[in-house]
Amino acid sequence: KTLLDDTQKQGIDLREQLIQFYNKYYSSNQMTLAIVAPQSLTEMKQMVNDAFAEVPNRNVDKPEKEWAGILPYNNGKSVIPSFQHVVEVVPVQDLRQVTVTW
């Protein structure tokens, strides 16, 4: 069973929903990049510019502002499966981190 199976059963066009999300929220003003490399600062700036210059800047607000107050489910019509519970997590640190290793 996949996410696509569930969305098709609900009449949701998953591809179209993903495209709409991308067009609305994929914006360079919502992104942060951190790099560590042995190259000089000038070389790293050029590498980053070459790789990311075409990322659009739509000057959008954070999605959280639009989603404030909206429950994470819609009576079985949500793309995301839910048990209709809202869980609030209180962080112990002000930290957002993703670690990618390969």
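**Figure 1. Asn59 sits in the loop between H3 and helix H4 (63-67).** Helices (H or I, at least four residues) and strands (E, at least two) are DSSP runs, numbered from the N terminus. A quick word on what you're looking at: this is a predicted model, where local features need pLDDT of at least 70, side-chain atom pairs count only at pLDDT 80 or more, and totals for chains, interfaces and linings use all residues. Residues are numbered from 1 along each chain as its sequence is written, and side-chain values use heavy atoms, with hydrogens and water left out. Now back to the loop. Asn59 isn't a glycine, yet its phi is positive, at about 50 degrees. Most residues other than glycine have a negative phi. Asn59 is also exposed, with a relative accessible area of 60%; the labels here are buried for under 20% relative accessible area, exposed for over 50%, and partly exposed in between (1.4 Å probe, protein chains only).

**Figure 2. Here's the whole protein chain, with 4 helices and 0 strands.** Starting at the N terminus, the elements go α-α-α-α. How much of the chain counts as buried? Of its 102 residues, 12% do. The chain exposes about 9600 Å², and carbon and sulfur atoms supply 55% of that; accessible areas come from the Shrake-Rupley method with a 1.4 Å probe, and for residues, only the protein chains shown count as cover. Take the contacts (heavy atoms within 4.5 Å) with a separation of 6 or more: residues 24 or more positions apart account for 65% of them.

**Figure 3. Phe21 and Tyr25 make a tilted aromatic pair.** The structure holds 2 aromatic pairs. In this one, Phe21 and Tyr25 are 5.0 Å apart centre to centre, with 50 degrees between the planes. Rings of Phe, Tyr and Trp (its six-membered ring) pair if their centres lie within 6.5 Å; planes under 30 degrees apart count as stacked, over 60 as edge-to-face and the rest as tilted. Why are these two separated by about one helical turn? Because Phe21 and Tyr25 are 4 residues apart in helix H2. Phe21 is partly exposed at 42% relative accessibility, while Tyr25 is buried at 11%.

**Figure 4. Tyr22 and Tyr26 form a stacked aromatic pair.** What lies over the face of Tyr22? That's Arg58, at 5.5 Å from the ring centre; a charge sits over a ring if NZ of Lys or CZ of Arg is within 6 Å of the ring centre and within 35 degrees of the ring normal.

Figure 5. Met31 lies in the loop between helix H2 (14-25) and helix H3 (41-52), and is partly exposed at 39% relative accessible area.
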